[in-house]
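Here is a short report on one protein chain. It moves from surface terms to the fold, then to single residues.

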Amino acid sequence: MLCFLRGMAFVPFLLVTWSSAAFIISYVVAVLSGHVNPFLPYISDTGTTPPESGIFGFMINFSAFLVIVCASLISITKLEWNPREKDYVYHVVSAICEWTVAFGFIFYFLTFIQDFQSVTLRISTEINGDI
């Protein structure tokens with residue numbers, strides 16, 4: 001099987017390591033910057049202000065890309081499936097579930113990052129009596 005070939009295990013290992021590092025690095029940067037309490041901060045406060053919000057966003061987007069790579073490596077383990085085989089239906093259902101999970105993670109991470117960033121926008125206008 002392709003996913004068990006020598007050297008192919010680095011992709012799932014990189015995915016887990018990189019995703020864990022995204023949370024840890026953004027937490028460390030937030031604590032060192034003084035943006036959060038070092039003991040049990042709210043998770044939504046950890047990535048709200050720069051620079052940790054940019055670091056977190058970049059690293060989670062790269063993790064979403066790695067999820068797609070992992071899903072594509074798993075789904076191509078057997079390249080030729082015959083519809084008359086007894087496990088063909090299970091393969092099709094499994095492939096659909098894998099791609100659904102992969103794209104679900106991507107859309108989740110791309111939309112969830114916005115919740116960690118807070119932006120305050122103040123607009124002041126002046127209206128003169130001169131027309």
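A residue counts as buried under 20% relative accessible area, as exposed over 50%, and as partly exposed in between. L32 has a relative accessible area of 73%, so L32 is exposed. The model behind these values is predicted.

**Overall fold**

The protein chain holds 4 helices and 0 strands. Read from the N terminus, its elements run α-α-α-α. Of its 131 residues, 24% count as buried. The accessible surface comes to about 9800 Å². Carbon and sulfur atoms account for 68% of that surface. Contacts between residues at least 6 apart in sequence were also examined: 68% of them join residues at least 24 apart.

**Helix 1**

Helix 1 covers residues 10-33, 24 residues in total. From first C-alpha to last, helix 1 reaches 33 Å. That is close to the 34 Å expected at 1.5 Å a residue. Its buried residues are V11, L15, S19, A22, S26, V29 and A30. L32 also has its place in helix 1, but L32 is exposed. Together with I24 and V28, L32 makes a nonpolar surface patch of about 310 Å². Just after the helix comes G34, with a positive phi of about 80°.

**From the loop into helix 3**

Helix 2 spans 43-46, and P51 lies in the loop between helix 2 and helix 3. P50 and P51 are joined by a cis peptide bond, with omega of about 5°. E52 lies in helix 3. Is E52 buried or exposed? E52 has 0% relative accessibility and therefore counts as buried. What is E52 in contact with, leaving aside its neighbours within four places in sequence? The residues are S26, V29, A30, S33, H35, T46 and G47. Three of these names return from helix 1: S26, V29 and A30 are among its buried residues.

**Aromatic rings**

The count of aromatic pairs comes to 5. One of them is F62 with F65, a tilted pair with 6.1 Å centre to centre and 35° between the planes. How far apart do F62 and F65 sit along helix 3? They are 3 residues apart in helix 3 (residues 52-75), so about one helical turn separates them. F62 is partly exposed, with a relative accessible area of 29%. F65 is partly exposed too, at 47%. Ring pairs link W18, F58, F62 and F65 into a cluster.

**Helix 4**

F107 is found in helix 4, residues 88-116. F107 has 54% relative accessibility, so F107 counts as exposed. F107 and A64 are 43 residues apart along the chain. Their C-alpha atoms are separated by 8.6 Å.

**Accessibility of selected residues**

The table gathers the residues discussed above.

| Residue | Relative accessible area | Class |
|---|---|---|
| L32 | 73% | exposed |
| E52 | 0% | buried |
| F62 | 29% | partly exposed |
| F65 | 47% | partly exposed |
| F107 | 54% | exposed |

The classes follow from the cut-offs: F107, at 54%, is exposed because exposed means over 50%. F65, at 47%, falls between 20% and 50%, so F65 is partly exposed.

Key. Residues are numbered from 1 along each chain as its sequence is written. This is a predicted model: local features need pLDDT of at least 70, side-chain atom pairs count only at pLDDT 80 or more; totals for chains, interfaces and linings use all residues. Side-chain values use heavy atoms; hydrogens and water are left out. Helices (H or I, at least four residues) and strands (E, at least two) are DSSP runs, numbered from the N terminus. The expected span of a helix is 1.5 Å times one less than its number of residues. Buried means under 20% relative accessible area, exposed over 50%, partly exposed in between (1.4 Å probe, protein chains only). Patches are made of residues with over 30% relative accessible area and no salt bridge: like charges are joined within 9 Å, nonpolar side chains (Val, Leu, Ile, Met, Phe, Trp, Tyr) within 5 Å. Accessible areas come from the Shrake-Rupley method with a 1.4 Å probe; for residues, only the protein chains shown count as cover. A salt bridge is a side-chain nitrogen of Lys or Arg within 4 Å of a carboxyl oxygen of Asp or Glu. Contact means heavy atoms within 4.5 Å. Rings of Phe, Tyr and Trp (its six-membered ring) pair if their centres lie within 6.5 Å; planes under 30 degrees apart count as stacked, over 60 as edge-to-face and the rest as tilted.
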